Amino acid sequence: MDPGRVSSNQTIEVPELPFGYKFHPTSSEVVLYYLVPKVKGEPLPSGYVKDLDVYKFDPHQIPLNESKYSREDEAYFFAPVQEEEILQGEGNLTRATPNGYWKSYEKNIPIYARDGSYIGYKNKLVFYDGKDLSNGVKTDWKLVEYRTNFRLNGNLERLMVCKINLNAKAEEIPDEVDEAILGDNESVESENNNVS
């Protein structure tokens, strides 16, 4: 591990999977199979989502690629819901880190279960270097906060799942769309455009 990076300090045994499998749950799967069971204190289906207060670190300090089943430069973490959610400007959500901040570019996106029921929402943020909110330098780091509307003993959840990635294109592809299919269609289209 690089110096200056935080270690998740969690060694949970994960079963071996066949070649080609990657941990890439849909938004509803994150909420239903990871976040809600964690809030309820129930067992989780795997150890791929670890505990880490991601806002205490700059993104380059956070451990990515710790599992051979992770997508490149991507990781999921359980993080506490931030008590101080700073709103700035036209309602943009920001989260401070030691040397920068995360700023929302989409927020309160509804998450639905397969049966159409509303189960939560997500916020998408991008990281800016620098502490000055008006002069921060935008980076390629992206973060998605997954939140649930589940209540335990009448209280709103105090935990969220954060997906962090360096690849700016990773979250632009809808959760339920297969990247391999998109890649095949794009190559067919480019071949068709070249045949004239």
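Tutor: What follows is a set of questions about those labels, each answered by setting a value against its cut-off.

Tutor: Keep in mind that this is a predicted model. The protein has two helices and 10 strands, and along the sequence they follow the pattern α-β-β-β-β-β-β-β-β-β-β-α.

Student: How do you know whether F23 and Y34 are buried or exposed?

Tutor: Buried means under 20% relative accessible area. F23 has a relative accessibility of 11% and therefore counts as buried, and Y34, at 8%, counts as buried too.

Student: What makes the pair of Y112 and Y118 edge-to-face?

Tutor: The ring centres of Y112 and Y118 are 6.0 Å apart and the planes stand at 65°, so this pair is edge-to-face. The structure holds six aromatic pairs, and one aromatic cluster is formed by F23, Y34, Y48 and Y76.

Student: What makes you say that the charged end of K142 sits over the ring of Y105?

Tutor: The distance criterion asks for NZ of Lys within 6 Å of the ring centre, and the direction must also be within 35 degrees of the ring normal. The charged end of K142 is 4.5 Å from the centre of the Y105 ring and is classed as sitting over it.

Student: How do you know that the span of α1 is close to the expected one?

Tutor: Helix α1 has 14 residues and reaches 19 Å from its first C-alpha to its last, which is close to the 20 Å expected at 1.5 Å a residue. Its buried residues include V31, Y34, L35 and V39, and the helix is followed by G41, whose phi is positive, near 80°.

Student: Which residues have the most contacts inside the largest nonpolar core?

Tutor: That core has 19 residues, and those with the most contacts inside it are F23, V31, V49, Y76, F78, Y146 and V161. The elements that give two or more residues to this core are α1, β2 (74-80), β7 (137-148) and β10 (159-165), and the largest share, six residues, comes from α1. Leaving aside neighbours within four places in sequence, V49 is in contact with F23, Y34, Y76, F77, F78 and V161. Apart from this core lies another, of 18 residues, among them W102, L125, W141 and I164.

Student: Why is L159 called buried?

Tutor: L159, which is found in strand β10, has a relative accessible area of 18% and is therefore buried, since the cut-off is under 20%. Beyond its neighbours within four places in sequence, L159 is in contact with residues including L35, V39, F78 and V81. The C-alpha atoms of L159 and Q82 are separated by 8.8 Å, although these residues are 77 apart along the chain.

Note on methods. Residues are numbered from 1 along each chain as its sequence is written. This is a predicted model: local features need pLDDT of at least 70, side-chain atom pairs count only at pLDDT 80 or more; totals for chains, interfaces and linings use all residues. Side-chain values use heavy atoms; hydrogens and water are left out. Rings of Phe, Tyr and Trp (its six-membered ring) pair if their centres lie within 6.5 Å; planes under 30 degrees apart count as stacked, over 60 as edge-to-face and the rest as tilted. Buried means under 20% relative accessible area, exposed over 50%, partly exposed in between (1.4 Å probe, protein chains only). Helices (H or I, at least four residues) and strands (E, at least two) are DSSP runs, numbered from the N terminus. The expected span of a helix is 1.5 Å times one less than its number of residues. A nonpolar core is a set of buried Ala, Val, Leu, Ile, Met, Phe, Trp, Tyr and Cys residues joined through side-chain atoms within 4.5 Å. Contact means heavy atoms within 4.5 Å.
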